[in-house]
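Try each one before reading its solution.

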Amino acid sequence: MTPSPFVIETAGLTKRFGGRTVVQDVELQVPRGSAFGYLGPNGAGKTTLIRMLLGLTRATSGSMSLLGLPVPQRRGEALARVGAIVEEPRFHRYLTGRENLEIVAAARGPEAAHRIDGAIERVGLARRANDRVGTYSLGMRQRLGIARLLLADPELLILDEPMNGLDPAGIEEFRFLIRSLVAEGRTVMLSSHLLDEVEKTVDALAIVDQGRVVVQGSIADLTRNGPATLMIASADNSRARHVLGSHAAVSSIVSEEGILRVQLGRVDERVEHEAFADINRRLVEAGIPVYRLEPEHASLERRFLEITSRLEEAA
Amino acid sequence: MTALTATASPPLRRPFLPLVRAEVLKLRKNRGLVLTAAAMTVGAMIVAYTILLLLHAFNPDHHGPGGGVANLGNGVMLLAGLGSVAAILIGAAAGAADLTSGVFRELVVTGRSRLALFTARIPGGLAVLVSLIAAAVVIVVTVTVGFAGSVAAPSAGLLAGTVVWLLVEIAFYFAVALGLGSLLGSRAQTIAILLAWRMAVTPILLSIGALGVARDVVPGAAFNQLAPDAIGKYVREGGAVPMSVVAAVVALAAWTAVALGLGAWRTATRDA
């Protein structure tokens, strides 16, 4: 049987606490073999969704599957190949790192016990594995958390805000680890409110706000969907602005700190490239020396703010 | 750690015994808990019988031998009281430690049945508790038989009956603490409630004759009923409550079933 292309699928997933809806009609599809970001501001319902997927709390309505298996009906089978960290990884602080792994390995099965040494080695804790967890730094506990989920040899890793509290070196290390796990054919879903980190780490994402998934797709698709912008610096910005003001493809021009930000209307990629070339040609023909002409990379942050501001306006 | 080579889910093979070993590890490595429980069982017996033996050695005219049936009763009374406190401490830790540390959530996401996680706490906790009680019992038996001197040493039958009675009482308080700890998710609350029940409420209820047969449901009454006659006057607490052996066994079984049932239910249904 061909495995589903999606390792996580939800339909109409909803969670209410009393009269408060925390997750609302979430339709999510996480592609197999990718790093997938679940991005949203604090309180958007990210952790609650993850907790439902893992059987830590019950859904009010809707359906979900992990690795093609419906949960909670076949939760045990599904979670046998899933590793997860929800919020901060927790341990018995009076036990050593290795003993904490032994406890989870006992719950997972005999194969997991054989993976303890490899997992400790992989996260770089071999020298501290026999120290009590109470003596570990937050970064070390995060790494031990990763070692613990590797005991499952997971097809799917679900990480809830994994970079919280890490220093820049730790974040870089974590990003590398995630990419290496994906390179092995695993799928990593991580939730975060750190847009920049998500953009650097994942291949695809869903943006969630107030419990709803408002958009999902690949990073390339999401950042391409916004209107294209050219950043232009020239010897005479005011004349350049005058020349480009009448260009059919240009929708607005804003001058910021010696740079003209020229925004185009919504056009496809081919027309966009032709417009860039035409703008350059017109400036040259007008005799304006151009120092810089650069398409602005539409960052995820800009896209995220566009989406959430539209939502606020609609509300 | 190697790259994934297969996507098919392997058949689940999850034996129960490693879960029990993990419970033993958690309790055994909790030094404060083990030292306290050991002091209340083995330590208490060493101190108590050392005093009895020294008193007899220095003043045999006024103090009888450290052994014999009477000192079996005295020792067992002490061990039953302090041992049940140790059982409450260990049961509460076994029931609530994963919850208070947050590790319960980490165990649930393994996909392991919550009921299995709960059930493993019973043999795991008992293994730690019984090993301490066994060591304490060895001291009791050694002294009461080996140092009986001029008084009658306890018979094998009495010793066997006493040990069984002691183990039932200790296991009972462990089970109730485990169930209540799992229900409440708080070790401190569990210990406070059960110590108050065991030390203060039980003797008061048993001494209120007006309660009549209602006292049959108090576990202390059942333990009074089930205690071996030869040591009964030493180990019975509160007023005597006439009840049959069957009623005593049913009362204890019901308490145990309710406590463990509530603990299992809460473990299976709580948000992790």
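The exercises below concern a predicted model.

**Exercise 1.** Describe how helices α3 and α6 of chain B pack against each other.

*Solution.* Start with the geometry: α3(B), residues 68-101, and α6(B), residues 156-184, have axes 7 Å apart and pack at an angle of about 25 degrees. Angles under 35 degrees count as roughly parallel, so α3(B) is roughly parallel to α6(B). Next comes the handedness: α3(B) passes α6(B) in a right-handed crossing. Finally, look at the contact of α3(B) with α6(B), whose residues divide into 19 nonpolar, eight polar and one charged.

**Exercise 2.** Find the domains assigned to chain A, and state what distance separates their centres.

*Solution.* The domain assignment gives domain 1 as 6-223 and domain 2 as 227-297 in chain A. Taken over C-alpha atoms, the centres of domain 1 and domain 2 of chain A are separated by 43 Å.

**Exercise 3.** Work out which strands pair with β13(A), and which of its residues lie on the covered face.

*Solution.* Take the partners in turn. Strand β11(A), residues 229-234, pairs with β13(A) in the antiparallel sense over four bridges; here Thr229(A) has Gln263(A) as its bridge partner. Strand β12(A), residues 250-256, also runs antiparallel to β13(A), joined by six bridges, and Ile253(A) stands opposite Val262(A). The hairpin of β12(A) and β13(A) has two residues between the strands, and in it Glu257(A) takes a positive phi near 50 degrees.

Now the faces. In a regular strand, side chains alternate between the two faces of the sheet. In β13(A), Leu260(A), Val262(A) and Leu264(A) make up the covered face, while Ile259(A), Arg261(A) and Gln263(A) make up the uncovered one.

Technical notes: Residues are numbered from 1 along each chain as its sequence is written. Chains are lettered from A and ligands numbered from 1 in the order in which they are written. This is a predicted model: local features need pLDDT of at least 70, side-chain atom pairs count only at pLDDT 80 or more; totals for chains, interfaces and linings use all residues. Axes are lines fitted to C-alpha atoms, for helices over the stretch in contact, and angles run from 0 to 180 degrees between N-to-C directions. Angles under 35 degrees count as roughly parallel, over 145 as roughly antiparallel, 65 to 115 as roughly perpendicular and the rest as oblique. A crossing is left-handed if the near helix is turned anticlockwise from the far one by less than a right angle, and right-handed if clockwise. Ala, Val, Leu, Ile, Met, Phe, Trp, Tyr, Cys and Pro count as nonpolar, Asp, Glu, Lys and Arg as charged, and the others, Gly among them, as polar. Domain bounds come from an automatic or database domain assignment. A residue is buried if 20 or more other C-beta atoms lie within 10 Å of its own, exposed if 12 or fewer, and partly exposed in between; C-beta atoms are placed from the backbone. Two strands pair if DSSP finds at least two bridges between them.
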